[in-house]
Amino acid sequence: MKRPDITFVIGSMRIGGAERATLHLMNGLAAKGLTIELVLLHKTGDFLSKINSGIRIIDLNRRKASQGILAFRKYLELSNPSKLFIVQNHIQIMVLLAVKMCSWKGKIILNEQSTYLQNLKGFKGKVQMVLSKFLFPRADMITVVSEGVGKELAILFPELKSRIHVINNPVITNEFNQIKNQPVEHPFFESGKKVIVTAGRLTRSKNFDLLIHAFKIVIQHIPAKLIILGDGKQMSHLIKLKERLGLGDEISLQGFVSDPCRYFSKADLFVLSSDYEGLPGVIIEALGCGCKVVSTDCENGPREILSDEKYGWLSPVGNIQALSEKIQIALKANVDSSMLIRRANDFHEDKIVNDYLILLNTLK
């Protein structure tokens, strides 16, 4: 069996930003002729069906990263990959501990998808930070998805500053451009009112509460509807909130949608209300659909993607009144959609894959 050129390691292929970015990068590198392996802590997730058929998948079949250390050491001894590309901090620690326990001498690339400190909360987070300080120096390279994420890492790990490289996620693909204009059946698009769309996992960090409260102010001035795409732990909370605010008929919690770009291309505005991000792909997808964008000015990514406010509007994190005002301005504004699409293409898979090929070639 041919030795893989690069092995990707991630927890699973469930629907998520890190998983989507990993999928696009793997498929793009495989299309360039590289031999790719994918090691999963647990082989599950809707993205499995989208993986290039030439990519070999190894399932460690473990529920927790702490249970996968010995299994990954065995993988290293049997497969002997030349390079590892590791996503997610708990998986990075698992792999680096396994490397410590064997004689494997290949190259290690860590990939950071989000603001590092925000994902290390409580006692478990403190343990992960201590382990990271101990283990990260073994990495040959750290790729980060935005300048903001890179600056944070350089402060936390100053001795690794020279190994940190900013390469954005591959978000726009040829498939994206094929499906974005496919039809969507939703009564809000036939309502005659402005349609605002948002999307993401329904978690506290995405702060959909903020958007819902801001939307209540918006509709006092502009007739509008709001569609929230995504699923997660806060679904029941958000349903109760919209009912309590008397917005039951104005907000649609649509649940998970496999191709949200179909909604973005028909909406009047996309809004991101997060408290923090890494490089929010949904903003890039909305731009790629020619859709106007309003985002909280959160760490990290939105300001970089929107080039300050050249391609959209930014609002202070957590400020209901300010967000409502920016939404109203955006809904009334005339914007050249082709300009937004050109900006999104800066994050096209072809460009990002080529950036990675150049970087990977420096690791000999």
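## The parallel sheet

Strand 2 (residues 36-40) and strand 3 are paired in the parallel sense over 4 bridges. Two strands count as paired if DSSP finds at least two bridges between them. Within this pair, Val39 stands opposite Ile58 in strand 3. Helices (H or I, at least four residues) and strands (E, at least two) are DSSP runs, numbered from the N terminus. The model is a predicted one, in which local features need pLDDT of at least 70 and side-chain atom pairs count only at pLDDT 80 or more, while totals for chains, interfaces and linings use all residues. Residues are numbered from 1 along each chain as its sequence is written, and side-chain values use heavy atoms, with hydrogens and water left out.

The open sheet is formed by 7 strands in the order 3-2-1-4-5-6-7, and the pairing is parallel. Strand 3 (56-59) and strand 7 (164-166) stand at the edges with a single partner strand each, so one side of each has no neighbour in the sheet. On average, neighbouring strands of this sheet are turned by 25° against each other, direction ignored.

## Helices on the sheet

Helix 3 (residues 89-100) packs on the sheet and touches strand 1 (6-10), strand 4 (83-87) and strand 5 (107-112). Contact means heavy atoms within 4.5 Å. The direction of helix 3 makes about 145° with that of strand 4. Axes are lines fitted to C-alpha atoms, for helices over the stretch in contact, and angles run from 0 to 180 degrees between N-to-C directions.

Helix 14 (residues 349-360) lies across strand 1, strand 4, strand 5, strand 6 (141-144) and strand 7. Helix 14 runs at about 165° to strand 6.

## Helix 1 against helix 14

Two packed helices are described by the angle between their axes and the distance between the axes. For helix 1 (residues 17-31) and helix 14, the angle is about 70° and the axes are 9 Å apart. Helix 1 is therefore roughly perpendicular to helix 14. Angles under 35 degrees count as roughly parallel, over 145 as roughly antiparallel, 65 to 115 as roughly perpendicular and the rest as oblique.

Helix 1 contributes His24, Leu25, Gly28 and Leu29 to the contact, and helix 14 contributes Glu349, Val353, Tyr356, Leu357 and Leu360. By class, the residues of this contact divide into 6 nonpolar, 2 polar and 1 charged. Here Ala, Val, Leu, Ile, Met, Phe, Trp, Tyr, Cys and Pro count as nonpolar, Asp, Glu, Lys and Arg as charged, and the others, Gly among them, as polar.

## Helix 10 and its surroundings

Helix 10 (residues 281-288) packs with helix 13 (residues 337-344) at an angle of about 135°, with the axes 7 Å apart. That angle makes helix 10 oblique to helix 13. The crossing of helix 10 past helix 13 is left-handed; a crossing is left-handed if the near helix is turned anticlockwise from the far one by less than a right angle, and right-handed if clockwise. Ile284, Leu287 and Gly288 in helix 10 meet Leu340, Ile341, Arg343 and Ala344 in helix 13. This contact has 5 nonpolar, 1 polar and 1 charged residues.

Buried means under 20% relative accessible area, exposed over 50%, and partly exposed in between (1.4 Å probe, protein chains only). The buried residues of helix 10 are Val282, Ile283, Ile284, Glu285, Ala286, Leu287 and Gly288. Just after helix 10, Gly290 takes a positive phi of about 75°.

Strand 8 (194-199) is mostly covered, with 5 of its 6 residues buried. Strand 8 runs parallel to strand 9 (residues 224-229), and 6 bridges join the two. Lys194 stands opposite Ala224 in strand 9.

Thr296 lies in strand 12 and counts as buried because its relative accessibility is 0%. Not counting residues up to four places away in sequence, Thr296 touches Leu210, Leu272, Ser273, Ser274, Pro302, Leu314, Ser315, Pro316 and Val317.

## Backbone exceptions

Most residues other than glycine have a negative phi, and most peptide bonds are trans. Gln88, in the loop between strand 4 and helix 3, has a positive phi near 80°. Asn207 has a positive phi near 50° and lies in the loop between strand 8 and helix 7 (208-218). With 16% relative accessibility, Asn207 counts as buried.

A cis peptide bond joins Glu299 and Asn300, with omega about -10°. Asn300 is placed in the loop between strand 12 (293-296) and helix 11 (302-305).
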